[in-house]
Amino acid sequence: MSVDKISLKDFINYVKSNVNFDDEASIRSVEPYLRKLNNNKDLLPEAICNELRQSVETFQSENTYQASGYILYKDEDFIVRAVCWLPLSKRKFLDPEIDRGLLVYSAPHDHDFSFMTIGHFGPGYYSDIYEYDYDRVLGLEGESVELKKLDFDRLSENKVFFFRAGKDVHIQIPPDEISVSLNFIVRKRGSQKFLDQYWFDVENNKINRALENDTFRRAKSIDLITALGGDDCFDDLYELKDTHTCRRTRISIMEALTKIKPDLRKQIWSNASNDPDPVIRHAASSNL
Ligand SMILES: [Fe+2]
């Protein structure tokens, strides 16, 4: 195993100069460089100390992920992040209601972005990995889904996993001792920006429900417009019901419009019943 190590700056420069973020093979070609970055064990202590020295700044202001994650670098194309994984014995002081989202264990889920992860420190968390076909599901609660088991493995030091957006489903099982992983996250591209993310029931091959990702939040924001009346937005919404790129947002808009003007219900949902997207057609059939 190579013991070559590189700095975060070298890693960033390599990725910026060589990776085509729309090409999976190109993204995967980062692995040898992620391994070299992973050999740099000064990386995290130095980054955290440097940030602590700047104590007047907001700590980790770019970190929109769980508190257990530490963002080392972020731009419009990719993120380098470290995640600390606690064993169950070290988590017992946590209140699952208050500390929700601190670490996601035992919940089978997919991701709306692709990422490569490597074991940086400790024995590593265990992972059950499945795959499914995003295009064959509507995303309904309790919907049957074909989940194919791919692997069960542990993210031990220097082990690499690659997770594909909207394809792979994983369950993270706590490590035996505190562990750290290093992630190379590809930021959502093109249509990925509108992907749903799901929580699965792998025992019964079902979707439990959609998770509250960007797609969910965008679509749910329409409820605020409806709650506040929304008359001034009517013309904009009427146009966006057919033109917005996010299918979940379009459905929310249609629901809002039919609440604002109930006499349009039949026209709006009849029109939606001819949509090429099966998720929109399903929403139409549920509302007609
Ligand atoms: Fe995950």
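This is a predicted model: local features need pLDDT of at least 70, side-chain atom pairs count only at pLDDT 80 or more; totals for chains, interfaces and linings use all residues.
M254, L257 and T258 of α8 meet R265, I268, W269 and A272 of α9. By class, the residues of this contact are 5 nonpolar, 1 polar and 1 charged. Helix α8 covers residues 247-260 and helix α9 covers residues 265-272; their axes come within 9 Å and cross at roughly 160 degrees. Angles over 145 degrees count as roughly antiparallel, and α8 and α9 are therefore roughly antiparallel to each other. The crossing of this pair is right-handed.

To see the contact, select R247, R250 and I251 in α8 together with V279, I280 and A283 in α10. This contact divides into 4 nonpolar, no polar and 2 charged residues.

On the α7 side, select F234, L237, Y238, L240 and K241; on the α8 side, select R250, I253, M254, A256, L257 and I260. The contact of α7 with α8 has 9 nonpolar, no polar and 2 charged residues.

Which residues belong to each domain? Domain 1 runs over 8-210, and domain 2 over 214-287. The centres of the two domains, taken over C-alpha atoms, are separated by 33 Å. Where the domains touch, 6 residues of domain 1 are in contact with 9 residues of domain 2. The side of domain 1 that touches domain 2 consists of 4 nonpolar, 1 polar and 1 charged residues.

Turn next to the strands. In which order do the 5 strands of the open sheet lie? The order is β1-β2-β9-β4-β7, and the pairing is antiparallel. Select β1 (69-74) and β7 (160-163) to find the edges of the sheet. Each of these edge strands has a single partner strand, so one side of each is left without a neighbour in the sheet. From one strand to the next, the twist averages 20 degrees.

Within this sheet, zoom in on strand β4, residues 115-121, and strand β9, residues 179-186. These two strands run antiparallel and are joined by 6 bridges. Select I118 and then L182 in β9, which stand opposite each other.

For the last stop, select strand β10 (residues 198-201) and strand β11 (residues 206-210). The two strands pair in the antiparallel sense over 4 bridges. What is the bridge partner of Y198 in β11? The partner of Y198 is A210. Between the strands of this hairpin there are 4 residues, and N205 takes a positive phi near 50 degrees.

Definitions and conventions: Residues are numbered from 1 along each chain as its sequence is written. Axes are lines fitted to C-alpha atoms, for helices over the stretch in contact, and angles run from 0 to 180 degrees between N-to-C directions. Angles under 35 degrees count as roughly parallel, over 145 as roughly antiparallel, 65 to 115 as roughly perpendicular and the rest as oblique. A crossing is left-handed if the near helix is turned anticlockwise from the far one by less than a right angle, and right-handed if clockwise. Two residues are in contact if their C-beta atoms, placed from the backbone, lie within 7 Å. Ala, Val, Leu, Ile, Met, Phe, Trp, Tyr, Cys and Pro count as nonpolar, Asp, Glu, Lys and Arg as charged, and the others, Gly among them, as polar. Domain bounds come from an automatic or database domain assignment. Two strands pair if DSSP finds at least two bridges between them.
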